[in-house]
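Dear colleague,

Please find below the structure that I am handing over to you. My findings follow it, and I would be grateful if you read them with the structure open.

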Amino acid sequence: MTLKKIVFAAPVALALVLSGCGGGSSTPTANVYCPTAFTVQDAGRITHFKPGGGRDPRDIEYEASLVSAATQCELKRKQMNVTLVMRIAVNAGPSVTGAPTQVPYFVRVLTGAGTVAQGQDFIAGFKLSAANPRGQSQEELVLTLPYSQPNDLSAYRIAVGLKPTQEELDYNRRMDGRQ
């Protein structure tokens with residue numbers, strides 16, 4: 001094949017390849033309307049202290065962070081099934097007890113108006129100790145979002161986060177210099 005034929009054939013081949021990439025069907029795909037998960041401000045990490053009055057670094061039982069949250073969707077008749085996968089990481093602090101560590105987290109499905117359509121609190125469990133100071137879990141949930149028209153799905157948003165107590169939230173804000 002000569003160079004002139006390659007130069008002519010390349011744009012034609014590219015056009016043929018691109019014509020096979022979506023857009024050929026009038027039915028929407030799940031990926032177009034799949035809501036992404038976002039971490040709520042101040043809910044990305046927790047520093048948990050042992051019971052009692054001390055609040056210096058020696059009193060930390062564990063520190064947890066929400067590492068990632070992602071969604072995959074499947075469109076069905078009048079509903080979208082959303083698989084939400086979250087990764088939570090924990091590190092033991094100097095006051096870790098060896099008892100099961102329970103990290104609270106939440107998932108909220110928000111409508112376009114900002115109201116909560118669905119919501120639930122969960123616990124991620126870990127077994128931390130001085131000998132096993134780190135852990136990570138993958139939390140997987142399936143959410144069902146109803147719709148009348150596929151465009152209704154574009155309004156949904158998924159809010160996720162760890163669930164700090166007021167004291168833990170205040171501590172995080174002080175450490176960030178916001179309080």
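A residue is called buried when its relative accessible area is under 20%, and exposed when that area is over 50%. Y105 has a relative accessibility of 2%, so it counts as buried. Please note that the model is a predicted one.

Y105 lies in strand 5, and I begin with that strand.

Which strands pair with strand 5? One of them is strand 6, residues 116-126, which runs antiparallel to strand 5 and is joined to it by 10 bridges. Within this pairing, Q102 has G125 of strand 6 as its bridge partner. The two strands form a hairpin, with 5 residues between them. In the turn, G114 has a positive phi of about 90°. Strand 5 also pairs with strand 8, residues 157-162; this pairing is antiparallel too and consists of 6 bridges.

I turn next to the aromatic rings. The structure contains 2 aromatic pairs. F49 and Y171 make up one of them, with 4.9 Å from centre to centre and 85° between the planes, an edge-to-face arrangement. This pair links distant parts of the chain: F49 belongs to strand 2 (residues 45-49) and Y171 to helix 3 (residues 166-175), and the two are 122 residues apart. Are F49 and Y171 buried or exposed? Both residues are buried.

Y105 and F122 also form a pair: the ring centres are 5.4 Å apart and the planes meet at 25°, so the pair is stacked. Because Y105 sits in strand 5 and F122 in strand 6, the pair ties together parts that are 17 residues apart in sequence. The hairpin described above is formed by these two strands.

Finally, I draw your attention to a loop residue. A130 is found in the loop between strand 6 and strand 7, the latter spanning 134-146. With a relative accessible area of 73%, A130 is exposed. How far apart are A130 and G93 in sequence and in space? They are separated by 37 residues in sequence, while their C-alpha atoms are 8.5 Å apart.

With kind regards

Methods: Residues are numbered from 1 along each chain as its sequence is written. This is a predicted model: local features need pLDDT of at least 70, side-chain atom pairs count only at pLDDT 80 or more; totals for chains, interfaces and linings use all residues. Side-chain values use heavy atoms; hydrogens and water are left out. Two strands pair if DSSP finds at least two bridges between them. Helices (H or I, at least four residues) and strands (E, at least two) are DSSP runs, numbered from the N terminus. Rings of Phe, Tyr and Trp (its six-membered ring) pair if their centres lie within 6.5 Å; planes under 30 degrees apart count as stacked, over 60 as edge-to-face and the rest as tilted. Buried means under 20% relative accessible area, exposed over 50%, partly exposed in between (1.4 Å probe, protein chains only).
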